[in-house]
Amino acid sequence: MAVDRVLANLDLNLLVTLDALLRERNVTRTAEHLGVSQPAVSGALARLRRHFGDPLLTRAGNRYELTPLAARVAVLTGPALAGVRRVFDATAEFDPSRLDREFTLVISDYAATILGPLVTREIARLAPGVRLRLEQTTPYAVDHAEATLRAADGLIVPHGFVTDLPYLDLFEDRWVCIVSDDHPEVGDALTLEHLADLPWVMYVDRPTAFAPAARQLRMLGIEARVDAAVDGFVQMPFLVAGTRRVALIQERLARLLAPVAGVRVFDCPFEVVPVAEAFWWNPMYRTDPAHTWFRDLIVNAAASLRRRPAAQ
């Protein structure tokens, strides 16, 4: 009974605000994310501080940091919200057309560009009340995948970076090289000598944000001279166009952007491991009917990519 009295005196909306505040660590951004006014979030923060007897957020220079208590609470808010969703989403018969829910995917700009339109079209067709939130993946999000998936519904990242979490295979792609349409030194073929001599546009060099094919260059004894380092793939063709640069990029994205950016696509002049994209998720959603539907929808959307070669 004591627990019931505590819950009866709490506004469930505070849990939503708490979760957003601890992720955003900023009142203004939290208000924008929740679609409410900044004073409303400030008032909720004041109530939360009184409840916990703790400031939760403390200023450090021009930003805010979590207090030790807030850091412990942040680990709990995602699972708590997921449990609440499961309670209120429960129906005798699941009907996606009546679903009113937001799903969050942590995803690279590459996968968002190739798979995202297929997923959103299926959502619009089957569940118009569902909202999809795409968040750009980061090395930190992948390194801490288990924590990431306490707050997000899924993480789309290739095999090789995440372990010990359930996953569903989506589709494969292969690495290709791109150079400018008017490259003065590359004719009908791209060689290893070109790759050694030309400047590169390279994906950021971090353990969980490093193209496997680029790592293979080093194994071949080629140390790429990086002219520009980026944290996404979509901008790479545009940084290659009109320059002597070369870049390594997924073929589906290269074929899509080549006519717009003005680049040519070449097979890699060495054997390269393909990209195998997968959907990783938190096992706490195993029996959640809405999440099960969402997982199936993503796999079904990716099926057209599995059937269609990248060059088509």
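This is a predicted model: local features need pLDDT of at least 70, side-chain atom pairs count only at pLDDT 80 or more; totals for chains, interfaces and linings use all residues.
Q: Is Thr 104 buried or exposed?
A: A residue counts as buried when its relative accessible area is under 20%. For Thr 104 that area is 9%, so the residue is buried.

Q: Which residues is Thr 104 in contact with, leaving aside its neighbours within four places in sequence?
A: Leaving aside neighbours within four places in sequence, the residues in contact with Thr 104 are Arg 133, Glu 135, Ala 152, Asp 153 and Gly 154.

Q: What is the relative accessible area of Arg 101?
A: Arg 101 also has its place in strand β3, which covers residues 101-107. Arg 101 is buried, and its relative accessible area is 3%.

Q: Which side chain does a polar contact of 3.2 Å join to that of Arg 101?
A: Arg 101 is a buried residue of strand β3. Its side chain is joined by a polar contact of 3.2 Å to the side chain of Asp 288.

Q: What is the handedness of the crossing of α7 and α14?
A: The crossing of α7 and α14 is right-handed.

Q: How many nonpolar, polar and charged residues does the contact of α7 with α14 have?
A: From α7, the contact is made by Leu 118, Val 119, Glu 122, Ile 123 and Leu 126. From α14 come Trp 293, Phe 294, Leu 297, Ile 298, Ala 301, Ser 304 and Leu 305. By class, the contact of α7 with α14 has 10 nonpolar, 1 polar and 1 charged.

Q: How are α2 and α4 oriented to each other?
A: The axes of helix α2 (residues 12-24) and helix α4 (residues 38-52) come within 10 Å and cross at roughly 95°. Angles from 65 to 115 degrees count as roughly perpendicular. Helices α2 and α4 are therefore roughly perpendicular.

Q: How do the residues of the contact of α2 with α4 divide into nonpolar, polar and charged?
A: Leu 14, Thr 17, Leu 18 and Leu 21 in α2 meet Val 41, Ala 44, Leu 45, Arg 47, Leu 48 and Phe 52 in α4. The residues of this contact divide into 8 nonpolar, 1 polar and 1 charged.

Q: How far apart in space are Leu 190 and Pro 269, C-alpha to C-alpha?
A: Leu 190 lies in the loop between β7 and α10, and it is buried, with a relative accessible area of 7%. Beyond its neighbours within four places in sequence, Leu 190 is in contact with residues including Cys 177, Val 246, Phe 266 and Pro 269. Leu 190 and Pro 269 are 79 residues apart in sequence, yet in space their C-alpha to C-alpha distance is 6.7 Å.

Q: Which residue takes a positive phi just after α13?
A: In helix α13, residues 251-261, the buried residues include Leu 253, Leu 257 and Ala 261. Just after α13, a positive phi of about 85° is taken by Gly 262.

Key: Residues are numbered from 1 along each chain as its sequence is written. Side-chain values use heavy atoms; hydrogens and water are left out. A crossing is left-handed if the near helix is turned anticlockwise from the far one by less than a right angle, and right-handed if clockwise. Helices (H or I, at least four residues) and strands (E, at least two) are DSSP runs, numbered from the N terminus. Contact means heavy atoms within 4.5 Å. Ala, Val, Leu, Ile, Met, Phe, Trp, Tyr, Cys and Pro count as nonpolar, Asp, Glu, Lys and Arg as charged, and the others, Gly among them, as polar. Buried means under 20% relative accessible area, exposed over 50%, partly exposed in between (1.4 Å probe, protein chains only). A polar contact is a pair of N or O atoms within 3.5 Å; within protein, one must be able to donate a hydrogen and the other to accept it, and residues adjacent in sequence count only if both atoms are side-chain atoms. Axes are lines fitted to C-alpha atoms, for helices over the stretch in contact, and angles run from 0 to 180 degrees between N-to-C directions. Angles under 35 degrees count as roughly parallel, over 145 as roughly antiparallel, 65 to 115 as roughly perpendicular and the rest as oblique.
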